Amino acid sequence: MIQLIINKKSVLVAAGSSVATAVYESDAQSFRQSVSGEPRFPLCGMGICFECRVTINGAEHQRSCQILAEDGMKIETK
């Protein structure tokens, strides 16, 4: 297991999990918001739809379905 910080809360996930999996397992209400404020969630799971974008270690607009979770990552959803 590895530990990540998602929206300032500690989350444990299995090593080898994607960041998207970690966000699903957290209590995050969504991955991001549309320009009109609607909650958005991954659709494709393979990096084409860009709906899974989150901020990882301060870098915005990262496709969470394409990035493996690493111990100590700080993730923010919007």
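Student: Before we start, what does it take for two strands to pair here?
Tutor: DSSP has to find at least two bridges between them. Strands themselves are DSSP runs of E with at least two residues, helices are runs of H or I with at least four, and both are numbered from the N terminus.

Student: OK, and what kind of model is this?
Tutor: A predicted model, where local features need pLDDT of at least 70, side-chain atom pairs count only at pLDDT 80 or more, and totals for chains, interfaces and linings use all residues. Residues are numbered from 1 along each chain as its sequence is written, and side-chain values use heavy atoms, leaving out hydrogens and water.

Student: So what's the strand order in the sheet?
Tutor: β2-β1-β7-β5-β6, an open sheet of 5 strands with mixed pairing. The edge strands, each pairing on one side only, are β2 (9-13) and β6 (59-63).

Student: Which sense does β1 take with β2, and which with β7?
Tutor: With β2, β1 pairs in the antiparallel sense over 5 bridges. With β7, β1 pairs in the parallel sense over 2 bridges. Ile6 has Lys9 as its bridge partner in β2, and Ile5 sits opposite Lys74 in β7.

Student: What's going on in the hairpin of β1 and β2?
Tutor: There are 2 residues between the strands, and Asn7 takes a positive phi near 50 degrees.

Student: And β5 with β7?
Tutor: Those pair in the antiparallel sense over 2 bridges, with β5 at residues 53-56 and β7 at 74-76. Ile56 stands opposite Ile75 there.

Student: Switching topic: how many aromatic pairs are there?
Tutor: The count comes to 2. Rings of Phe, Tyr and Trp (its six-membered ring) pair if their centres lie within 6.5 Å; planes under 30 degrees apart are stacked, over 60 edge-to-face, and the rest tilted. Tyr24 and Phe31 are edge-to-face, at 5.3 Å centre to centre with 70 degrees between the planes.

Student: Is Phe31 buried or exposed?
Tutor: Phe31 is buried, at 2% relative accessible area; the cut-offs are under 20% for buried, over 50% for exposed and partly exposed in between, with a 1.4 Å probe and protein chains only. Tyr24 is exposed at 52%.

Student: Why is the pair of Phe31 and Phe41 edge-to-face?
Tutor: Their planes are at 75 degrees, so the pair gets that label, with the centres 6.5 Å apart. Phe31 is in the loop between α1 (19-25) and β3 (32-33), and Phe41 in the loop between β4 (39-40) and β5, so the pair ties together parts 10 residues apart in sequence. Phe41 is partly exposed, at 37%.

Student: So which residues make up the cluster?
Tutor: Tyr24, Phe31 and Phe41, linked by ring pairs.
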